[in-house]
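Reader: I would like a close look at one part of this structure. Please take me through the aromatic rings and how they pair up.

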Amino acid sequence: MCHWDKFIRSSCYFHSTSDQTSREEGSTAKEVLDPLALIKDEVSEVTDRLRSMVVAEVPELTAAAGYFFRAGAEGKRTCPTVLLLMASAISMDMTDPIVGLENKLRARYMRVAEITEMIHISSLIHDDVLDNADTRRGIDSLNFATGKKLAVLAGDFLLFRAFSAAVSLDNAEVVSLLATAVNNLVTGELMQMSITPAQRCSMDYYLQKTYFKTAALISNSCKAIAVLAGQTTEVQALAYQYGKHLGIAYQLIDDILDFTGTSASLGKASLSDIHQGIVTAPILFAIEEFRQLREIVEQGFDDPSNVDTVLEYLPRSQGIERTRLLAAEHAKLAADAIDSLPESVDRFVLNSRQALKDLTEKFMRRTQ
Amino acid sequence: MSWRWALARRVAALTTPRGTGGVAQAQRLLPSSSGAGALLGRQHLPHASQIRSKVVGCRGAAFVSSRWLHDAQYHIHQDGASRAEEQQDPFELVADELSLLANRLRTMVAIEVPKLASAAEYFFKVGAEGKRFRPTVLLLMATALKFPMSESTEGGVLSILANKLRTRQQNIAEITEMIHVASLLHDDVLDDADTRRGVSSLNLIMGNKLSVLAGDFLLSRACVALAALGNTEVVSLMATAVEHLVTGETMQISTSREQRRSMEYYLQKTYYKTASLISNSCEAVAILAGHTTEVSMLAYEYGRNLGLAFQLIDDVLDFTGTSASLGKGSLSDIRHGIVTAPLLYAIEEFPQLHEVVDQGFDNPANVELALDYLQKSRGIERTKELAREHANHAIKAIEALPDSDDEDVLTSRRALIDITEIVITRTK
């Protein structure tokens, strides 16, 4: 389950601009070239376009498909933000930029953002059907509002609309990357669904599944941006790495928050993962310390006393701390990928790169 | 080598000890005007009377090549009836190639998602897919649209390209089947569809969750396979087909009262749900082969009309079943409140049927009443007539294809025409 929504409700995200008082550039640069301000406009444009891109022949379908693009329901739109920042961060230094060409390229990046958002929402909608979720992003889930069947159909519709849009970019590699992402999303969900007791205790299995469910989409889309920008394979790989590590870091913090919630102590949070029988990183680390925990986890959590047992062991273990360390590792790897990008003297490019790095820290500091 | 040569060999092989003298015997069987030299060139149709033995069950090996039709299966009656009257089973023409495809699909699912393997089995195994209609039509269409190739290039570059094309067209057939099955799985979500083509609905057996997920899996694999084809027009077509499937199903679950009584609405929904997929994939097959827009549209028209004809007869059969009389069918449409063509025609003749339809069919008395009106009306007949009309359009589309004197091409086109006949006259 992609927990963008929890992140989205976090108040810390849009306070990020402060960090641009940095190091390299003077203060005048900040106002003129604040990438987030510019991105904000583009992100709004993306949302508007999304609303028109999901118009179907049948009004019920349009309403269902566009449910999460309505004003107020669209969340903080992290995916498009990351992608548009990435686009700025890797744009080639053009000594004599041809404005028309630039605009055309920019439009294509926005298309990728739209496509990614549609795929993302499509998977959220199906996830909610699979999990029988009642709410999403603070409102009724689509299946709660319109029934499961229409929700499933709306998800399919969004997916293939996204696919059509991808095709119109006329770049086979981009289409392939997005198809791979879609495939990975399903694989991740399948891994979750068909998990055996032994797999439930495996950190490798968990990380692989996490990559598929949370990081695959953003990493492949970042790479797609780089491909469209005509960048080298090295840069494409770096963009991919950024997305991958960002996504994983995000999920690991999410796992912690599910236990700690807004307070530092355990038990004051939603605990939804464990109640759904989903075993996450903190518990997996705890198992390494306490062998006896393994058997409990293998049994599963239909028995509520198992939940209690795990919650007893967790604070005695280093589970939370080690997960946080792992998240920090991934956040650093994401930032390193940005640092490894080819040098640029363009202030806008540099500010965008900084914004991407700041994002990784934002994720680490989330409290809800 | 022409298929007739292969057939003659088979006939000879049956009457001689294995592997000996087959060639010589075959030569004797063929009309004397076509001597050894002519064996390498194009043949005229031999008279069936010259081949009098009954040839049964010559299933050749399945292989992917531009000449795959060599090992077609034949039934030739001993009374020597003329060949023109023989109904070659069109499904048999592609049966081997289809097995290949089915195995590929089954293997893909089994390897990637073992848990879903038994799920996929339900739909890809023989007997459970209603004769594998779609892939059969698509493979036949691929052959029917073959560009002529001169014999001398056998084994050369053109032959390799032809093989590649065939594989890509097979991929369309696979993708189409994946999309079709996925749509069935998703349609089944929360439906009380008890049986689907005689096999228990996967949903009942494995639950909603697995249906959604299995459908998602198939759709995502279809996406990957489509991306791999690298043809934007084809991807567009198939994406449109999926949209139509979704739209059609949405239309079905959200029909308003007026819409339920509208023939136009019904036909549009029917196109979306049944005909769009096959028509767009037929067009895709043509486009992959590099045909002109005109030819691609003919392929599309064939698919569209075949699909519509199929559904209309399906509607009739839901009322009549295998008998000619009403009410012996499963009546599942009407029981689900789905108003189909026969009833819509009946409403035109008996406006009072409006009321009954509006009330809905939860009350079995209404079902009886509707059947009553239907009996009195020409609803069934008119539906059959409409189906026949569409079948004829399909046939015309095939006949309008550019001329060819390639045996394989002609056989496939004949088979496609035969299929329209089968669709119209079937009783289940």
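Author: Start with a cluster. In this predicted model, ring pairs link B:Phe91, B:Phe133 and B:Phe310. Over all chains, the count comes to 9 aromatic pairs.

Take A:Tyr67 and A:Phe68. Their ring centres are 5.0 Å apart. Their planes stand at 90 degrees, and planes over 60 degrees apart count as edge-to-face, so this pair is edge-to-face. Are these two residues buried or exposed? A:Tyr67 has 11% relative accessibility, so it counts as buried. A:Phe68 has a relative accessible area of 1%, so A:Phe68 is buried as well. The cut-off for buried is under 20%.

Now move to A:Phe160 and A:Phe163. Here the ring centres lie 6.1 Å apart. The planes meet at 70 degrees, so this pair is edge-to-face too. Both residues are buried. Where do they sit? Both belong to helix α8 of chain A, which covers residues 148-168. They are 3 residues apart, about one turn of the helix.

Go back to A:Tyr67. The charged end of A:Arg70 sits over the ring of A:Tyr67, 4.3 Å from the ring centre. So A:Tyr67 has a ring partner in A:Phe68 and a charge over its face from A:Arg70. A second case involves A:Phe290. A:Arg316 lies over the face of A:Phe290, at 5.4 Å from the ring centre.

Definitions and conventions. Residues numbered from 1 in each chain as written. Chains lettered and ligands numbered in written order. Predicted model: local features only at pLDDT ≥ 70, side-chain atom pairs only at ≥ 80, totals over all residues. Heavy atoms only, no water. Phe/Tyr/Trp six-rings, centres within 6.5 Å; stacked < 30°, edge-to-face > 60°. Buried < 20%, exposed > 50% of the residue type's maximum accessible area, 1.4 Å probe, protein only. Helix = DSSP H or I, 4+ residues; strand = E, 2+ residues; numbered from the N terminus. Lys NZ or Arg CZ within 6 Å of the ring centre and 35° of its normal.
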